[in-house]
Amino acid sequence: GPAAAILPIQHWQTAGGARVYFVENHELPMLDLSVEFPAGSAYDTAEKSGAAAMTNRVLQLGADGMDEDEIARRMADIGAELGGSSETDRAGLSLRTLSSAREQREALDVFARVLGNPSFPQEILEREKARLIGALEEADTKPETIVSVNFYRLMYRTHPYALRSRGDAATVAKLTRDDLVRFYQRHYDRRYAVVALVGDVTRAEAEAIADRVTRGLPHGNASEPSLPAVSPLDAGVKRYIAHPASQAHILIGMPAIRRGDPDFFPLYVGNYVLGGGGFVSRIIEEVRQKRGLAYAAYSYFEPLLREGPFVIGMQTKRSQASEALRVVDATLRTYLRDGPTADELRDAKRNIIGSFPLRIDSNRKIHGYLALIGFYRLPLTYLEDFAGNVKRVTIADIEDAFARRVHPERMVTVVVGPDAEQPAAAGP
């Protein structure tokens with residue numbers, strides 16, 4: 001099957017406590033490496049929203065006597081790529097380098113120094129704050145930002161998943177160098193680092209690399225940061241927000257599923273039929289193909305450490321917003337009542353399994369999955385088992401999972417840019 005070529009995942013823990021996940025592959029002279037932490041925007045506070053993303057950004061721009069120009073030059077000289085990522089649950093640094101001795105040695109030296117001894121230069125922080133504030137203020141005028149901000153705030157309320165990943169202009173303006181240092185010391189701790197390596201190194205070399213890049217990290221006495229539980233929605237909420245855009249932007253959804261949940265595959269396969277399969281999905285068929293109400297319409301589940309959202313999204317003409325909402329609601333309720341047909345399920349499985357090899361056809365893509373598996377503590381056989389887990393999903397599995405996880409009467413609906421007859425509310 002398509003999973004036959006997947007190389008085995010090796011896993012161990014460093015002396016300092018970091019969890020390491022490694023795939024050895026000597027087909028290309030490359031090494032992909034990342035070190036991630038429970039340090040995403042979910043660990044921000046409402047008062048200092050944006051601290052997680054800013055810490056990750058400024059972390060890369062000065063360390064151990066090197067300024068940002070020297071870091072960039074040294075990476076460019078050996079053709080290596082240094083990057084950072086800050087998401088909802090996790091954040092960290094990544095490296096892609098040639099595996100040849102000189103290039104690898106130089107790249108790992110810079111990477112370890114940046115990760116383990118960042119300087120958080122004050123002037124760089126002020127510059128990055130100014131850039132981000134300008135970008136946020138511009139984004140806050142756009143309907144796609146307004147709908148997203150209001151949607152997550154209504155859906156997650158006081159939970160940190162309600163916070164914007166980059167923060168708000170007002171909260172970013174308050175960030176200080178001490179805030180970044182404190183966030184780094186608390187969250188970039190080697191005891192809960194997750195190291196993912198893919199490429200042209202041996203197990204012994206991978207062990208030495210993992211030790212090297214995590215040795216200089218902070219190591220405090222506090223327990224690993226955790227997230228509060230997500231409170232379920234007791235009732236549906238609808239908000240209409242006036243905006244002069246020609247298109248109404250619509251998001252509908254509710255908290256639904258965590259990573260590692262046994263309902264994941266029934267929901268994933270079932271959603272392919274509902275709204276995740278592009279032109280073969282029911283939502284796009286009903287909204288676009290039959291009625292021409294929107295160019296694109298979709299649905300997806302986003303599992304996180306805590307209950308991530310189930311989301312339905314679309315854009316339509318302002319005058320058609322009410323009709324589009326009615327069609328989507330009817331489509332969802334019909335699907336919850338009847339489930340997919342046998343033909344729809346068969347085609348969904350065929351398309352998902354058939355496209356799976358494209359998800360793991362490069363070291364970079366495998367590395368992305370490896371980091372995901374490591375951070376969320378998914379089974380080491382996750383990729384090998386993927387096709388089999390999809391094949392095993394039945395119509396009854398889908399109907400049961402959707403009935404327990406998706407409740408139309410308890411969903412948040414946000415429409416930005418409706419026609420004048422719609423009830424309107426102020427923006428964020």
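# Strand pairing, helix packing and burial

Author: Opposite Val412 in strand β13 stands Gly253. The model discussed here is predicted.

Reader: What makes β10 and β13 a pair of strands?

Author: Two strands pair if at least two bridges are found between them. Strand β10 (residues 247-257) is joined to β13 by five bridges, so the two strands pair, and they run antiparallel.

Reader: Which strand runs parallel to β13, and how many bridges join the two?

Author: That strand is β9 (residues 237-241), which is joined to β13 by five bridges.

Reader: How do you know whether β13 is mostly covered?

Author: A residue counts as buried when its relative accessible area is under 20%. In β13 (residues 412-416), five of the five residues are buried, and the strand is mostly covered. Val412, Val414 and Val416 point one way from the strand, while Thr413 and Val415 point the other way, and all of them are buried.

Reader: Why are helices α2 and α3 called roughly antiparallel?

Author: Helix α2 (residues 68-77) and helix α3 (residues 101-116) pack at an angle of about 160 degrees, and their axes are 9 Å apart. Angles over 145 degrees count as roughly antiparallel. The two helices are therefore roughly antiparallel to each other. The crossing in which α2 passes α3 is left-handed.

Reader: Which residues of α2 meet α3?

Author: They are Ile71, Arg74, Met75 and Asp77, and on the side of α3 they meet Arg102, Glu106, Ala107, Asp109, Val110, Arg113 and Val114.

Reader: Why is Met66 called buried?

Author: The relative accessibility of Met66 is 3%, which is under the limit of 20%, and therefore Met66 counts as buried. Met66 lies in strand β5 (residues 66-67). Apart from neighbours within four places in sequence, Met66 is in contact with Ile71, Arg74, Val110, Arg113 and Val114. Between Met66 and Arg113 there are 8.9 Å in space, C-alpha to C-alpha, although they are 47 residues apart in sequence.

Reader: What makes Ser49 count as buried?

Author: Ser49 has a relative accessibility of 1%; this value is under 20%, so Ser49 counts as buried. Ser49 is located in the loop between β3 (30-37) and α1 (51-59). When residues up to four places away in sequence are not counted, Ser49 touches Asp44, Leu163, Arg164, Gly167, Asp168, Thr171 and Val172.

Key. Residues are numbered from 1 along each chain as its sequence is written. This is a predicted model: local features need pLDDT of at least 70, side-chain atom pairs count only at pLDDT 80 or more; totals for chains, interfaces and linings use all residues. Side-chain values use heavy atoms; hydrogens and water are left out. Axes are lines fitted to C-alpha atoms, for helices over the stretch in contact, and angles run from 0 to 180 degrees between N-to-C directions. Helices (H or I, at least four residues) and strands (E, at least two) are DSSP runs, numbered from the N terminus. Angles under 35 degrees count as roughly parallel, over 145 as roughly antiparallel, 65 to 115 as roughly perpendicular and the rest as oblique. A crossing is left-handed if the near helix is turned anticlockwise from the far one by less than a right angle, and right-handed if clockwise. Contact means heavy atoms within 4.5 Å. Buried means under 20% relative accessible area, exposed over 50%, partly exposed in between (1.4 Å probe, protein chains only).
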